[in-house]
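Me: I am new to this structure. Please take me through one part of it closely, in short sentences.

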Amino acid sequence: MADRTESRTHVDAAPADVLAVIADLEAYPQWANGMKDVKVLSRDGDGRPEQARFVVDSGPVSDTYTLAYTWDVAPDGTGTVSWRLVEAQVITRLDGEYELVADGDGTDVFYRLTVDVRIPMLGMLKRRAEKVVIDTALKELKKRAEG
């Protein structure tokens, strides 16, 4: 079983504003490092992405993959957005989630990620790469939501 990597940050924006940034998948190439293209393939009854195709080129891993999303969020934006891998070429597992928790006028954002790739990689190196991905994503999300 793959190990999960996680991290957190505080964003000086309301949970609904942070959730809006997360839900705008097609804007990810504007601010998410390594993200080249995103196309939403289907949406749920609330207009949020159900499935989306991503093209990523981030150092050692370049891939095109499809994720399926689950939105377990309240009207105020708190809750969990999770995803799981549907298909990919190089990546064999990509399960993750953002958890948004209100904290005063801001939001605590927890990011959890499990990744496996077809490329042989030592567990320690894989976890370090996951940590870099998570920390970069949180930093970029924070900047986008606060900007």
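How many helices and strands are there in the protein chain?

Reply: The model is predicted, so local features need pLDDT of at least 70, side-chain atom pairs count only at pLDDT 80 or more, and totals for chains, interfaces and linings use all residues. Residues are numbered from 1 along each chain as its sequence is written, and side-chain values use heavy atoms, with hydrogens and water left out.

The protein chain has 3 helices and 7 strands. Both are DSSP runs, numbered from the N terminus: helices are H or I with at least four residues, strands are E with at least two. Along the sequence the pattern reads β-α-α-β-β-β-β-β-β-α. The chain has 147 residues, and 42% of them count as buried. Buried means under 20% relative accessible area, exposed over 50%, and partly exposed in between (1.4 Å probe, protein chains only).

Now Thr 64. Its place is in strand 4, residues 61–73. Thr 64 counts as partly exposed because its relative accessibility is 29%. Arg 53 is 11 residues away in sequence, yet the two C-alpha atoms are 7.0 Å apart. Thr 64 touches Arg 53, Phe 54 and Val 55, and also Glu 87, Ala 88 and Gln 89, not counting residues up to four places away in sequence. Contact here means heavy atoms within 4.5 Å.

Val 55 leads on to another pair of strands. In strand 3, Val 55 stands opposite Asp 37. Strand 2 (residues 35–43) and strand 3 (residues 49–58) run antiparallel, joined by 7 bridges. Two strands pair if DSSP finds at least two bridges between them. Their hairpin has 5 residues between the strands, and Gly 47 there takes a positive phi near 85 degrees.

Next, Thr 78. This residue lies in the loop between strand 4 and strand 5 (79–87). Thr 78 counts as buried because its relative accessibility is 19%. Its side chain makes a polar contact of 2.6 Å with the side chain of Asp 76. A polar contact is a pair of N or O atoms within 3.5 Å; within protein, one must be able to donate a hydrogen and the other to accept it, and residues adjacent in sequence count only if both atoms are side-chain atoms. Leaving aside neighbours within four places in sequence, Thr 78 is in contact with Pro 15, Asp 72, Val 73, Leu 100 and Ala 102.

Across the protein chain, take contacts between residues at least 6 apart in sequence: 47% of them join residues at least 24 apart.
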